[in-house]
Amino acid sequence: MIVDSDTTWHFACKLNQLPLGGMKHVRVFDTEVLLVRASKEDIVAMEPWCPHNWAPLVDGKFNPGSMKLTCCEHGMQIDIKDGEITRGPNGGPAGHYEKCFRFPVKVERDRIYVHLKTPQEVDAYYAQCGVPGILGSDALK
Amino acid sequence: MSSWIPLQTEAEVLESERAKEGFVGVGDKGPTKRYPHAYPIPGPETRAQRAWPAFTYVPPPAVIDMRKWRFETYGLVNNPLSLTYEELKALPTASSVEDHTCDDQILTTGHRFEGIDFRTIIELTQPDPDCEWILFECDGGHSVSHSIHKRMMLVYRRNGEPIDPSHGYPLRAWIPGDWGGLNPKWVRRIKFCESRDPDFYMTYFRQHGADPAILAAVYKSHVGSGAPIEAINHFLGFFYKTFWWDVRHNPMGARGKGIATGLRAPMYIGDDTWANYKTCL
C-alpha cells in the first residue's frame, strides 16, 4: 500500500552492502524490493517474490553472466534484464506468466535509491487498463 | 518523506524519554521501574507473570527457519551486521526489570528482560551521523519504526529462560514506555533509514481511512509524555473497531469466533528449544 509521499526516490541501502552478483531483500519506504547487482554499475530492483508460488527470490541463485535468477523452490528462471520468465517451474515451459515488475533505480554518491509510484501514477496506470464491466461490455471498448 | 509521517527532533525524543522515567522502587522481584501512563487506566488488569498474554496485530509467522535465521542491520550503516543466534548471545548483555503494558489495558509487572542494549548495536554497526530513524522488520511482515535516540533493548531472555515463541523467540525488542504493540516480536532485520519509513501501523490505519492528523498526534505521544487524551481515545476507538475480531483482552474471548485460539506462535525448524511448547489457550 503506497502511503502519501513527497518524493518518489526512496533510500534502499548503501552501495557497499550489495556485492557484485549479490542479492538483497530490502525495505524501501513501504515496499519490499529485491536488489540485484548484475555488475558494478547495473543494479536492478524487482519484486522479491517468485510469480509462481511467491517464494522469496533472495534465497535463489543469481548468475551474473547470463543475468538470470533461479528460484529456490521450483527452479523458475527469471531474466532480470526485463523481467521475463525464461524457464518455468520444475523445468517446464515458461507458460503465460507476466513479466516481473522492475523498479527504476538510481545511485547517488554511495546510496541506492528506488523509485516508487506516487498515488497519481498508480491511478494513471489503472485508468489506462480500463474498468472491467459486466459480461460482454468489454467488447464495446 | 511523507507529508504526515510525524518526525521528532532528537531533543524532543530525549525529553519524552526523560519524562518516562518513573519512580524506581524495589518490588519483591527486584528493582522495578514504573512508567506513568497518559491517562488513568480504567481498572488495569494486572495479570500474573506466568499468564503473560500474547497478542499480535498481524498473525505471527507460521514457520521460522532457525538454520537460516540471521539478525541483520542494513541501510545507513558503515558496518552492516549479519549475526547468527549464537553470535547474538555472545554480545555484551544488559538486563532490566520492566512492566509490560499491552494496549494500555493489560499490565504485567516485573519481567526481567535480558538482552543487548541497543547502544551496543549502534557501536557495532556505526550508522551515519545523520541517521535518525530505525525500522525493525520482523518475521511475518510486521514492522515498527522508532527514533534512534530512544532507549531500546533487544531481548532474548526473560526471567532466565529464552522468551516464549508467542512472545517473540528468538529475538524481540523492548522499547520502554511505549505501548506493547510497538515492541516488535520476532525481530529479523533493522534498517537504518534516511527519514522515517512508514511501518505496519502507519500503512494499515492510513489505508483504512484514519485521519493523518490524528495519527500524527498519536505517534508523537508516548506513554507519560502528556499527549492529548482525545487523540489517544480517537486512535484507540478506531483501532478497536478495526481489530475487534482480532484482538481480545480476554484470551478466552476468541473461542468460537473462527479465530486461532491455540498457539499464537510460529513453528521452528532446526531448533529444539521450544519443541514441546504448549499454550494454555
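This is a predicted model: local features need pLDDT of at least 70, side-chain atom pairs count only at pLDDT 80 or more; totals for chains, interfaces and linings use all residues.
To spot one of the links, find Gln77(A): its bridge partner in strand 8 of chain A is Arg87(A).

## The sheet around them

That pair belongs to an open sheet of 4 strands in chain A, laid out in the order 5-6-7-8 with antiparallel pairing. Which strands sit at the edges? They are strand 5 (61–63) and strand 8 (84–87) of chain A, each of which pairs on one side only. Ignoring direction, neighbouring strands of this sheet are turned by 30° against each other on average.

## A helix in the open

Now look at helix 1 of chain A, which spans residues 119–129. Is this helix largely in the open or largely buried? Of its 11 residues, the number buried is 0, so helix 1 of chain A lies largely in the open.

## Over to chain B

What does the secondary structure of chain B come to? For chain B, the tally is 6 helices and 15 strands. Chain B has 281 residues, and 34% of them are buried.

Contacts in chain B also say something about how its sequence comes together. Take those with a separation of 6 or more: 67% of them are between residues 24 or more positions apart.

Technical notes
Residues are numbered from 1 along each chain as its sequence is written. Chains are lettered from A and ligands numbered from 1 in the order in which they are written. Helices (H or I, at least four residues) and strands (E, at least two) are DSSP runs, numbered from the N terminus. A residue is buried if 20 or more other C-beta atoms lie within 10 Å of its own, exposed if 12 or fewer, and partly exposed in between; C-beta atoms are placed from the backbone. Two residues are in contact if their C-beta atoms, placed from the backbone, lie within 7 Å. Two strands pair if DSSP finds at least two bridges between them. Axes are lines fitted to C-alpha atoms, for helices over the stretch in contact, and angles run from 0 to 180 degrees between N-to-C directions.
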